[in-house]
Amino acid sequence: MPLLSSDLPARAGLALSLGVALGLALTPAAIRLAHLRGWLAHPRVDRWHTRTVALMGGIAIIAAFLGTAGLVGGLAGRLGVVVALGASVLLVLGFVDDRRGMGPAPKLAVELLIAGGVVLAGLRFAPMLPDVLSLPLTLLWIIGVTNALNLLDNMDGLAGGTGAVIAGACAV
């Protein structure tokens, strides 16, 4: 049963606290797991990092998100289920990309399918605008944020830390 409160500030505070706590606990754990399993990216000319960094930070991000959203009731209804499924598919996509490498076209195709599912489930970036504007903006925003976070994922812990900051800002 979700830890729901009818008091929105209390619920947001709970979400912020849980999200930060889970993010802080799970990010170092994911880094340790990656080192133990050999899920590592070594320095290359086309990367920003100068030392070996852990892959699979998405595990911590998705676990913190799903754990927090599940506990505060954010996964209720069709939209919540679609967002949880989409986030889980992105985790698998990231895992496959980190392990085997994928070109941008298949990743973009999966991101479009996920973003389309979220839009069909009812999420709108700008619901006050007509659908002809709101729908493409929503798709662009979901895909843009996904790829922006992925670009940060080449430095150990940066994507997880940035995700925690973003979650905290959303909760506030």
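A residue is called buried when its relative accessible area is under 20%, exposed when it is over 50%, and partly exposed in between, with a 1.4 Å probe and protein chains only. The model is predicted, so local features need pLDDT of at least 70 and side-chain atom pairs count only at pLDDT 80 or more, while totals for chains, interfaces and linings use all residues. Residues are numbered from 1 along each chain as its sequence is written, and side-chain values use heavy atoms, with hydrogens and water left out. Helices are DSSP runs of H or I with at least four residues, numbered from the N terminus.

Helix α2 comprises residues 58–72, 15 residues in total. From first to last C-alpha, α2 reaches 21 Å, close to the expected 21 Å at 1.5 Å a residue; the expected span is 1.5 Å times one less than the number of residues. Buried in α2 are Ala60, Ile62, Ala64, Thr68, Ala69 and Val72. After the helix comes Gly73, with a positive phi near 85 degrees.

The partner considered here is helix α3, residues 77–100, which packs with α2 at an angle of about 170 degrees, the axes being 10 Å apart. Because angles over 145 degrees count as roughly antiparallel, α2 is roughly antiparallel to α3. The axes are lines fitted to C-alpha atoms over the stretch in contact, and angles run from 0 to 180 degrees between N-to-C directions. Contact means heavy atoms within 4.5 Å. On the α2 side, Gly58, Ile59, Ile62, Phe65 and Leu66 take part, meeting Val83, Ala84, Ala87, Ser88 and Leu91 of α3. These residues divide into eight nonpolar, two polar and no charged; Ala, Val, Leu, Ile, Met, Phe, Trp, Tyr, Cys and Pro count as nonpolar, Asp, Glu, Lys and Arg as charged, and the others, Gly among them, as polar.

Helix α5, residues 131–151, has 21 residues and reaches 29 Å between its first and last C-alpha, close to the expected 30 Å. Its buried residues are Ser134, Thr138, Ile142 and Ile143. They cover an arc of only 150 degrees around the axis, which puts them on the same side of α5; the arc is that of the directions from the helix axis to the C-beta atoms. Val132, Leu140 and Leu151 are exposed on the other side.

The buried residues of α5 pack against α4 (104–120). Glu111 lies in helix α4 and counts as buried at 8% relative accessibility. Leaving aside residues up to four places away in sequence, Glu111 touches Leu90, Ile143, Thr146 and Asn147. The C-alpha atoms of Glu111 and Gly144 are separated by 9.7 Å, although these residues are 33 apart along the chain.

Definitions and conventions. Helix = DSSP H or I, 4+ residues; strand = E, 2+ residues; numbered from the N terminus. Parallel < 35°, antiparallel > 145°, perpendicular 65-115°, else oblique.
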